[in-house]
Amino acid sequence: MSRARIRLATAAAAAALAAGTLPASAYAAAAPGAGVSARHQQHQQHQQQAETIRQIPLQGAVNLRDIGGYRTWTGGQVRQGLVYRSDALSKLTDADVTTVSGLGLTKVVDFRIPMELQYDGADRLPTGLSPTARPVSDLGLYATLVGAIGSGDPVVQEQMLGGGRAEAYMRDIYRTFVSSPENRAQFAATLREIADGRQGPVLYHCTSGKDRTGWMSYVLLRALAVPEDTAERDYLASNTFRAAYDARVRAGLKQSGRMQNPDLLIPLQEVRQDYLDSATAQLEADYGSFYGYLTQGLGLDLRTLAKLQDKMVR
């Protein structure tokens with residue numbers, strides 16, 4: 001492999017964590033029937049015009065996707081059937097488990113913190129497959145949500161999440177994907193496993209499959225020399241796949257009386273370009289470039305990056 005190709009492959013690994021979380025009690029309150037906004041429909045149409053995103057439909061998870069199929073700057077294509085990204089697998093039905101079994105997974109990496117597991121439950125996986133716990137910090141977001149929703153007090157909820165505070169919280173979380181040594185270690189370990197030629201298909205996930213998982217996927221795709229705008233589109237696609245479900249969550253919270261203004265949750269439910277920009281700005285400030293982040297921040301040597309390219313790109 002040429003030195004230029006290796007540098008392209010390395011030029012982008014940032015860290016992989018999706019903080020997007022809502023307590024299980026909020027999901028349980030979700031009422032059926034909320035629609036998808038025009039903005040999300042427009043986004044979906046835009047994606048359909050571009051490269052197809054390979055979602056795997058399930059009843060108990062809405063954001064399971066194969067990250068393969070994207071074209072690279074080097075003229076290659078990311079192989080399908082090797083790496084999957086998802087939201088939590090704790091609510092899978094029996095039929096879902098059968099579908100997941102068909103993916104041939106040999107490893108499932110769970111980025112959720114212990115509190116999320118406590119509230120939402122462990123993954124439901126095919127027989128013989130156990131999740132690898134690799135928690136990535138959410139800076140207390142999950143606990144904040146539990147407290148805000150549990151209070152049932154609109155004044156408290158506004159004080160905690162209103163006035164741009166939710167958005168600022170998300171930007172802070174994304175910066176720690178890069179700045180936290182502990183978080184970097186979790187992302188680096190996952191990338192090394194993906195690069196290992198002896199490792200079969202891998203799935204990684206968090207709760208909503210959008211922030212920790214979104215960052216991990218963005219970094220992986222950029223490391224494989226997928227164009228930046230394509231990697232961003234894959235990241236932003238969570239809004240399309242999660243929109244209807246998240247709207248039902250908000251409707252359920254309003255109907256139950258626990259939130260008078262559930263729209264306070266929208267900044268926490270969505271992925272946004274400025275959240276991603278917060279992480280990439282931190283990356284550039286700390287390491288100068290994606291290549292610096294991959295090699296210095298994540299500690300990935302050129303041999304590992306070349307193995308990642310050889311395994312994942314055809």
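Q: Which residues in H9 meet which residues in H16?

A: Leu191, Arg192, Glu193, Ile194 and Ala195 in H9 meet Thr304, Lys307, Leu308, Lys311 and Met312 in H16, where contact means heavy atoms within 4.5 Å. This contact of H9 with H16 comprises five nonpolar, one polar and four charged residues; Ala, Val, Leu, Ile, Met, Phe, Trp, Tyr, Cys and Pro count as nonpolar, Asp, Glu, Lys and Arg as charged, and the others, Gly among them, as polar. The model is predicted, with local features requiring pLDDT of at least 70 and side-chain atom pairs pLDDT 80 or more, while totals for chains, interfaces and linings use all residues. Residues are numbered from 1 along each chain as its sequence is written, and side-chain values use heavy atoms, with hydrogens and water left out.

Q: At what angle do H9 and H16 pack, and how far apart are their axes?

A: Two packed helices are described by the angle between their axes and the distance between the axes. Axes are lines fitted to C-alpha atoms, for helices over the stretch in contact, and angles run from 0 to 180 degrees between N-to-C directions. Helices (H or I, at least four residues) and strands (E, at least two) are DSSP runs, numbered from the N terminus. Here, H9 (residues 181-195) and H16 (residues 302-312) pack at about 55°, with axes 8 Å apart. H9 and H16 are therefore oblique to each other; angles under 35 degrees count as roughly parallel, over 145 as roughly antiparallel, 65 to 115 as roughly perpendicular and the rest as oblique.

Q: How do H8 and H9 cross?

A: The axes of H8 (residues 165-179) and H9 come within 6 Å and cross at roughly 70°. H8 is thus roughly perpendicular to H9. Thr176, Phe177, Val178 and Ser179 in H8 meet Pro181, Asn183, Arg184 and Phe187 in H9. By class, four residues of the contact of H8 with H9 are nonpolar, three polar and one charged.

Q: What is the orientation of H6 and H7 to each other?

A: H6 (residues 141-151) and H7 (residues 154-161) pack at an angle of about 155°, their axes being 8 Å apart. H6 and H7 are therefore roughly antiparallel to each other. Thr144, Ala148, Ile149 and Ser151 in H6 meet Val156, Gln157, Met160 and Leu161 in H7. Glycine 152, whose phi is positive, near 65°, follows H6.

Q: Which residues have the most contacts inside the largest nonpolar core?

A: In soluble globular proteins, nonpolar side chains tend to be buried together. A nonpolar core is a set of buried Ala, Val, Leu, Ile, Met, Phe, Trp, Tyr and Cys residues joined through side-chain atoms within 4.5 Å; buried means under 20% relative accessible area, exposed over 50%, partly exposed in between (1.4 Å probe, protein chains only). The largest nonpolar core has 64 residues, and Phe187, Tyr204, Trp215, Leu220, Leu298 and Met312 have the most contacts inside it. Apart from it lies another core of 15 residues, including Leu64 and Val108.

Q: Is valine 78 buried or exposed?

A: Valine 78 is buried, with a relative accessible area of 1%. Valine 78 lies in the loop between strand E2 (65-66) and strand E3 (83-86). Valine 78 and methionine 312 are 234 residues apart in sequence, yet 5.6 Å apart in space, C-alpha to C-alpha. Leaving aside neighbours within four places in sequence, the contacts of valine 78 include Ile67, Tyr70, Leu224 and Met312.
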